[in-house]
There are 2 protein chains.
Amino acid sequence: METMTKTEFVIEPGNQEVVITHEYNAARELVFKTLTDPKLIPKWWGPQKYNTIVDKMDVRAGGVWRFVSRDAQGNVFAFHGVYHQVLPPEKLVYTFEFEGAPGHVSLETVVLEEQNGKTISNDNVVFQSVEDRDGMVQHGMQEGATESINRFSALLERICNVTRWNNI
Amino acid sequence: METMTKTEFVIEPGNQEVVITHEYNAARELVFKTLTDPKLIPKWWGPQKYNTIVDKMDVRAGGVWRFVSRDAQGNVFAFHGVYHQVLPPEKLVYTFEFEGAPGHVSLETVVLEEQNGKTISNDNVVFQSVEDRDGMVQHGMQEGATESINRFSALLERICNVTRWNNI
């Protein structure tokens, strides 16, 4: 089992970004592939209690992604955006919009760096305003992101174990 | 002739946005229509010395725009992005990317407010980092934006005169 490493959030007062850093116990290629594989999105994206499906996920510059989450009560939450840069295995730039708040868009830049076989993910989320940023933080952005990151981390660990098993 | 009004830039040290405000001597509907009409883009977008053509301009949420400018020496500068919100006549949200610097994306929100028959345009441009913002400012963003705004203003004036003429 991976020792769950800490997720660091940098949220400075008065600016309009959130920077999320996490170290994954896996090689960068694997982190990138896992992050961009539509089949794996339901296994890590968003809160575990939601059932998330991939409506669209065209991972190339100009391609659209759209994920739809459903809770036990049948409430539906949909999210979409457009990839602006896809640079395997190191960088992803895309927009993010919750369809419940149309026109509130954030711009996300994920940079993966490999260090001694581990991967540092640096995820920079920029909002249209300080108010939008603060609103997302107040609505539990850190808890949501932490849960996704922990699910992603656990998934990576399962994939690594299978890979190691297959390689024996 | 319109008395050219001032363009105000707010560029605070250490943050990652540029806010551009201008008052146009025209009704909001006309400003919005002019702003979003592909036929008119070559008449105001970018520096006058460039010849700009519209490659794509699908003004709806999810639609792509792409403009190509050519200078007298034949150098080509292309720009593209995706509309995220199109709310006539008051709001446009879209991304902006210079193809010479792929992956450097900004997110632009234009809000038009009508006041006594004039229109205040509030254009908020958010960058991925303070460095990206400062780099664009150092590369003449203010001069470029001011020229586009002045060309746009003059175009509005010509359209208004024609409209007035046609209405006589």
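Predicted model: local features only at pLDDT ≥ 70, side-chain atom pairs only at ≥ 80, totals over all residues.
Let's start at the interface: between chain A and chain B, the rule finds 0 salt bridges.

By class, the side of chain A that touches chain B is made of 7 nonpolar, 10 polar and 3 charged residues.

## Who takes part in the contact

Chain A brings 20 residues to the contact, and chain B brings 20 residues as well. Together the chains bury about 1600 Å², and carbon and sulfur atoms give 56% of that area. Which three residues of chain A supply more of its buried area than any other three? They are A:His84, A:Leu107 and A:Gln128, with 33% of the area that chain A buries against chain B.

If you like to think in elements, look at four strands of chain A: β5 (76–87), β6 (91–98), β7 (105–115) and β8 (118–127). Each of them supplies at least two residues of the side that touches chain B.

## How the two copies are related

Chain A superposes on chain B through a rotation of 180 degrees, with 0.0 Å of shift along the axis and an RMSD of 0.0 Å. That is the relation of a two-fold axis. Within chain A, the C-alpha nearest this axis belongs to A:Asn15, at 3.1 Å from it.

The same surface serves both copies, as 100% of the contact residues of chain A recur in chain B.

## The fold of chain A

Now for the single chain. Chain A has 4 helices and 8 strands, and from the N terminus on its elements follow the order β-β-α-α-β-β-β-β-β-β-α-α. The radius of gyration of chain A is 16 Å, close to the 15 Å that the globule rule gives for 168 residues, so chain A is as compact as a globular protein of that length. Along its principal axes, the C-alpha trace of chain A spans about 50 × 35 × 30 Å.

A:Lys118 sits in strand β8 of chain A and A:Glu23 in strand β2 (residues 17–24), and the two are 95 residues apart.

## Backbone details worth a look

Most residues other than glycine have a negative phi, and most peptide bonds are trans. Where does the backbone depart from this? A cis peptide bond joins A:Pro88 and A:Pro89, with omega about -5 degrees, and A:Pro89 lies in the loop between β5 and β6 of chain A. In chain B, the peptide bond from B:Pro88 to B:Pro89 is also cis, with omega near -5 degrees. B:Pro89 is found in the loop between β5 (76–87) and β6 (91–98) of chain B.

A:Asn116 has a phi near 55 degrees, which is a positive value in a residue other than glycine. This residue, A:Asn116, is placed in the loop between β7 and β8 of chain A.

Note on methods
Residues numbered from 1 in each chain as written. Chains lettered and ligands numbered in written order. Heavy atoms only, no water. Contact = heavy atoms within 4.5 Å. Buried area = accessible area lost by both parts, 1.4 Å probe. Salt bridge = Lys/Arg side-chain N within 4 Å of Asp/Glu carboxyl O. Nonpolar A, V, L, I, M, F, W, Y, C, P; charged D, E, K, R; others polar. Least-squares fit on C-alpha atoms with pLDDT ≥ 70 in both. Rg over C-alpha atoms; globule rule 2.2 N^0.38 Å.
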